[in-house]
Amino acid sequence: MQGQLPLLTPIRGIAALIVTYFHARLILFPQWRDSIAQSTHFLENGYLWVDIFFILSGFVMMHVYQLTFATGSSFKKWRGFMWLRFSRIYPLFFVTLAVLFSWEYYKSVHHIGFYAGPLFDAWGATGIPPFTGPFNRTETLLPNLFLVNGILSQPLSWNIAGWSLSIEWLCYMVFPLLMSVLLRSAKSNAWLPALIMLVLSGMVSMHGTLDITSTLNAFVRGLCGFTLGLWLSRISFGPGTKSLVNHDGILFALIIALITVLQFSISYTVTMATYVLFAILVLVAANQEKRSSLLLSLLDNKVTQFLGDISYSIYLWHSVLLLAGVEVIHHINPDWTAWWYAQTSAGIVLTGILLFTAALICISTFSYYLFERPLMTWMRGMAGRRTPPEVSKA
């Protein structure tokens, strides 16, 4: 394994929380959605933070596995690599899927209909019988189990964050093939980022957004970010450029620019500018060196590192907590949910969001130590003898 990239871990944690609030605005505090959007479109643009996951994933895969595949690919290497990635993403995904299925089965036994607050009520979704929608449909269960849900024509299903894991899984499958091209220097592949941005530009122009979560278009979306991350990882800076990159001013300017762009309503320009800033941020963050810096201390510390460590659990459990959690509360006492959705006080809503965040972090911490790490370790140990040594080091 190559050297660590500590600043990328906090970025994962921050991105996971922003995606969480992007979904929460529809279920947890829909009464505030319009008011927030009138002041800032930061949350409305929150779906774009999934794309930084794809870029980060490609960057880290190249960083970790470039020596493994430098001498060429083989079925044995590919099989070992795929098992390691499967053991990383699938066990916890299966656990969350099992929880959602169990709750849906309970609903079917007790004749409980779908409920996700007033916004879904206005869309005519309230009361839909179990296993018929809008998310937990019987016909989408097998595609989710086999991680092909992201490329099918059905919209989001079961754990709604799972579409991106499906796309990630498919990116892993073609990773060794991509390595045959991307192991060359970034300069020799300078055409690649231009092609990626051209493809993304076409998708945004066609759909009006990059919020594409199904069909082969979703795979293209994820593959663009993943491949861009691979290419970015091949960029090396000389001593002079390195000192420029390792400067608080550059990092601070990138963060401010990103926050500023995300204030504006969804458009072609905002989407493409955000994507470019994501790529530059990942590149600059990955090349930061240890130094005395207030900004680095704020971004990279025990709290942000831990948030990044549990980011995968946050990403998967937030959907469960929002969808099943609201239904459970509504089933126990519908007066509670009726009271909550009638609240417009900023203090009460902010308190509710903070309590939700605290509950999510507690559940994710519990999940990280009880399920995520132990299951991954067990699965990797179970297949350790079949995994090539040069792959298993990662």
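1. A helix here is a DSSP run (H or I) of at least four residues, numbered from the N terminus. In this predicted model, T96 has its place in helix α4, which covers residues 75-109.

2. T96 counts as buried because its relative accessible area is 0%, and the cut-off for that word is under 20%. Leaving aside neighbours within four places in sequence, T96 is in contact with N159, L316, W317 and V320. As for W49, the C-alpha atoms of T96 and W49 lie 21 Å apart in space, while the two residues are 47 residues apart in sequence.

3. When residues up to four places away in sequence are not counted, T271 touches Y47, L48, V204, L210 and I266.

4. Turning to the aromatic rings, the structure holds 27 aromatic pairs. In one of them, the ring centres of F131 and W158 are 6.1 Å apart and the planes meet at 55°, so this pair is tilted. F131 belongs to the loop between α5 (118-122) and α6 (141-145), whereas W158 belongs to the loop between α6 and α7 (162-182), and therefore the pair ties together parts that are 27 residues apart in sequence.

5. Are F131 and W158 buried or exposed? F131 is buried, with a relative accessible area of 18%, and W158 is buried too, with a value of 0%.

6. Finally, one aromatic cluster is formed by Y65, F69, F81, Y172, F175 and F226.

Notes: Residues are numbered from 1 along each chain as its sequence is written. This is a predicted model: local features need pLDDT of at least 70, side-chain atom pairs count only at pLDDT 80 or more; totals for chains, interfaces and linings use all residues. Side-chain values use heavy atoms; hydrogens and water are left out. Contact means heavy atoms within 4.5 Å. Helices (H or I, at least four residues) and strands (E, at least two) are DSSP runs, numbered from the N terminus. Buried means under 20% relative accessible area, exposed over 50%, partly exposed in between (1.4 Å probe, protein chains only). Rings of Phe, Tyr and Trp (its six-membered ring) pair if their centres lie within 6.5 Å; planes under 30 degrees apart count as stacked, over 60 as edge-to-face and the rest as tilted.
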